[in-house]
Amino acid sequence: MKKHNLLMIPEPIEFDPAVLAALGAPTTSHVAPEFIEAFGHSLELVREVFASPDGQPIILAGSGTLAMDSAGANLVEPGDKVLVVNTGYFSDRFAEIVTRYGAEVSQVKAPVGGRPEVEAVEAALKERSYKLMTVTHVDTSTGVLNDVEKLAEIAHRHGALCLVDGVCSVAAEELRMKAWGIDLVLTASQKALGTPPGLALVVAGPRALATFQSRKTPVANYYADWTNWLPVMQAYEARKSAYFGTPAVNLVWALEVSLRQIVAEGLAVRFERHRTISQACKAGLSALGLGQVPQRPEWAAHAMSAPRYPKGINGAEFIAAVAKNGVVIAGGLHPAIKTEYFRIGHMGSVDMEDVLTTLAAIETSFIECGYQVDRGAGVQAALNVSQHAA
Ligand code: PMP
């Protein structure tokens, strides 16, 4: 049995012991030959995990918001028109970031739990000429999954770069950057990439790099400016050292271990594992009578679930009860429905046993909080899915 509470929030997640061991190893110099090798190899592995053979990875010390900031700072110039495909809290954040860099922002929004129809996005792209379009692959505030492949295709048809916030999707949801024509994908270390919080990752495709290189105005963010970082990334990949800011040495060591594990599992197998685990978790929640925030099952992410509380349940009390029963889950985040739902993360090294443990804790906690469920019904429904998939 795990000695700590099982961490089943959308982030950070449970980390593999080998990754944690790398994080806790003695820190090396950032110019030590073995660190140069680990950083260079991590950049190569990032390209593989993002399915972006011609992309330029940039790994910075910072959280996912820095990765978003880096995309906005380097690709937006004052007066640029940006279209935000908005599915919730993190799409709002992208809109704020690009506005800060001077963009004129238009948004296509959907009701909470919905996602903008591809036709509505296309209509917006036809109406005006946009330099770029942002999409949140999985909005962690709603658990809604966007059809990035289709959205990227229409963005290009209308001459806009497609930027994808993959913080809650990279290495969990199918995402093929080059094949789908996505120009930039960003993420953070602490979700399905399986490395503790502290690294911001961006992969810029050829069109995004060309857009950056043809800027007419300087980047209005000193730390995130790609002018400073591209030579550093290129040097490490060529197995040379270079300096702009001290890399998060131990986190990069840990990232390399995690990326090796991801590639060894195989992306197709990994995506399928996340699908099965997600189906099992959602089947278990349905068996307990819970609905989901995403309005349609095919719009729901596989990296997380966002179930609605049954009537009469006090969310804070319930989440505290689940923690007492050994599992940490998260409350709502989207301001419009914050108290109406909770969130379970199931990504990275998560396995079926973790999902069963979580459902068992949820069942027990519901009963303790006065909502009657058939004890074992959720666990059984999840088991049925996993046995069917086996
Ligand atoms: N985008 C999405 C989809 C996220 O889920 C998050 C974090 N939950 C962020 C961006 C921001 O990442 P961070 O908290 O690491 O800054």
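**View 1. Two domains make up the assignment of the protein chain.** Domain 1 covers 6-11 + 267-389, and domain 2 covers 17-265; these bounds come from an automatic or database domain assignment. The model is predicted: local features need pLDDT of at least 70, side-chain atom pairs count only at pLDDT 80 or more, and totals for chains, interfaces and linings use all residues. Residues are numbered from 1 along each chain as its sequence is written, and side-chain values use heavy atoms, without hydrogens and water.

**View 2. Domain 1 meets domain 2.** Their C-alpha centres are 28 Å apart. Domain 1 brings 29 residues to the contact and domain 2 brings 31 residues (contact: heavy atoms within 4.5 Å). Between them the domains bury about 2600 Å², with 59% of it on carbon and sulfur atoms. Buried area is the accessible area (1.4 Å probe) that two parts lose on being put together, summed over both. On the domain 1 side, Leu267, Phe271 and Trp299 lose the most area to domain 2. Together they account for 26% of what that side buries.

**View 3. The ligand sits among 13 residues.** Glu11, Ser63, Thr65, Thr140 and Asp165 are the closest. The shell holds 4 nonpolar, 6 polar and 3 charged residues. Nonpolar means Ala, Val, Leu, Ile, Met, Phe, Trp, Tyr, Cys and Pro; charged means Asp, Glu, Lys and Arg; the others, Gly among them, are polar. Helix H3 (residues 64-75) gives the most to this shell, with 3 residues.

View 4. Alone, the ligand exposes 390 Å², and the protein buries 91% of that (Shrake-Rupley method, 1.4 Å probe).

View 5. Pro12 is in the loop between strand S1 (6-7) and helix H1 (17-23). Helices (H or I, at least four residues) and strands (E, at least two) are DSSP runs, numbered from the N terminus.

Technical notes. A residue is near a molecule or strand if one of its heavy atoms lies within 4 Å of it.
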